[in-house]
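Welcome! Take a moment with the picture before reading on.

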Amino acid sequence: MTYTAELVTEERVFAALAPRWARLYGGCPAATPFQHHAWLHSWWQSYGRPGRLRLVLVSDTGGELVAAAPLMLVRRPLPSLVPIGGPISDYGDVLVDEAHGTRAVAALTEALQRAARTALIDLREVRPGGAAERVYDRWPGPHHRVPDSLCLELPAVPMDQLVARLPSGKSQQRVRAKLRKLAALGVERHVVTPEEVDKALRRLLELHALQWRGRKVTPEHLRERFRQHLVRSAEPMVRSGDAVVTEFRLDDDVVAVDLTLRSRGLTGGYLYGAHPCLRERRADVAVMLLSATGEQARGTLSLLRGDEPYKRHWRPEPVVNQRLLLAQRRTAPLLAATVCDVAARRRGKELLRRRAERPRRRGHDGDGRS
């Protein structure tokens, strides 16, 4: 079979790709929700810059997409092609239709070589087993792999099985007591319809801002462009079954809202908002959310990026995303500079961590000697 590759740089063409992209997305087992067309196109509408879109597409003789790399050009700190989705997406990847296998990977690899004549290809936050690994393994030029963010993962099983994973009988009893407390309070769940998504997500962001009032919050979550992206992307994803928005109601009031994103093999609770009254009434919000998300999960239940203590409580599996750097001979210096920068940042973080631990160590030593 013959494949045709093209480089798309116009947003209107990107918008029109939705049906073809959906078929490719469904045929790629490694895809995460952050490769869904609705998520990527909506992100571009909120965050993209004119003239920077670089979609590398591979089609078969019938015009169906068999592979795609949703990229954009950045010029700083170095000329690079990076995944669309940016910091608000927990995973980045390319898409390859499993039915076309190595032939589609080969065609996509060749197309990426042509697209990145003077730029480094910098694929961040690739989950182990991602389709981009297959391009990396086939890449003929200089290439390098470095660790990226840590994610924590659980099996997609019912809540009673998640509870059984806890390390002791007392831990299990505490969680079951918290579930009974939620039931006694009368907290009810309502999975919203596509028509209700806009209103529900506005409430989610209101509650999110309220729960973080007076504390350090991710600034982007409070911006209008983020709200527009979230509403615009979630509605079609809810329609296709690739997102679930759940309202939690108490005494007819919506006191929490959760957005869960799903793909064929992965589910992740992306963002939630919860009213402080839940904690005042001693309702465990983390248990409430995990119970709901677990029922909606497909494949792996990802707790997404971050190593917060409340996540560790559930004994998740730590999984480190990858940063895949692909260059050609003429762009090899860009790759070398990026690897050096990553190493320097890692050393800097380690020095800061050691410096922060010194006072605690001195205090511990003093206590021991007294």
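The points below visit a pair of helices, a residue in their contact, a loop residue and a residue in another helix.

Please keep in mind that this is a predicted model. Let us start with two helices that pack together: H8, which covers residues 197-211, and H9, which covers residues 224-240.

**How H8 and H9 meet**

- The axes of H8 and H9 are 9 Å apart, and the two helices pack at an angle of about 140 degrees.
- Angles over 145 degrees would count as roughly antiparallel and those from 65 to 115 as roughly perpendicular, so H8 and H9 are described as oblique to each other.
- H8 passes H9 in a right-handed crossing.
- On the H8 side, the contact is made by Val 197, Asp 198, Leu 201, Arg 202 and Leu 205.
- On the H9 side, Phe 226, Arg 227, Leu 230, Val 231, Ala 234, Glu 235 and Val 238 take part.

**Leu 230, a residue of H9**

- Leu 230 sits in helix H9 and is one of the residues that make the contact with H8.
- Is Leu 230 buried or exposed? Its relative accessible area is 0%, and buried means under 20%, so Leu 230 is buried.
- Setting aside residues up to four places away in sequence, Leu 230 touches Leu 201 and Leu 205, as well as Trp 39, Leu 259, Tyr 270 and Leu 271.
- Leu 230 and Arg 202 are 28 residues apart along the chain, and their C-alpha atoms are separated by 9.3 Å.

**Asp 284, a residue in a loop**

- Look for Asp 284 in the loop between helix H10 (276-280) and helix H11 (285-296).
- Which backbone nitrogens lie by polar atoms of the Asp 284 side chain? That of Ala 286 is 3.1 Å from such an atom, and that of Val 287 is 3.0 Å from one.
- Leaving aside neighbours within four places in sequence, Asp 284 is in contact with Lys 178 and Leu 182.

**Ala 356, a residue of H13**

- Ala 356 belongs to helix H13, which spans residues 332-369.
- The relative accessibility of Ala 356 is 44%, so this residue counts as partly exposed.
- Between the C-alpha atoms of Ala 356 and Val 135 there are 40 Å, and the two residues are 221 residues apart along the chain.

Key
Residues numbered from 1 in each chain as written. Predicted model: local features only at pLDDT ≥ 70, side-chain atom pairs only at ≥ 80, totals over all residues. Heavy atoms only, no water. Axes fitted to C-alpha atoms, helices over the stretch in contact; angles between N-to-C directions. Helix = DSSP H or I, 4+ residues; strand = E, 2+ residues; numbered from the N terminus. Parallel < 35°, antiparallel > 145°, perpendicular 65-115°, else oblique. Left-handed = near helix turned anticlockwise from the far one by under 90°. Contact = heavy atoms within 4.5 Å. Polar contact = N/O pair within 3.5 Å; in protein donor to acceptor, adjacent residues only side chain to side chain. Buried < 20%, exposed > 50% of the residue type's maximum accessible area, 1.4 Å probe, protein only.
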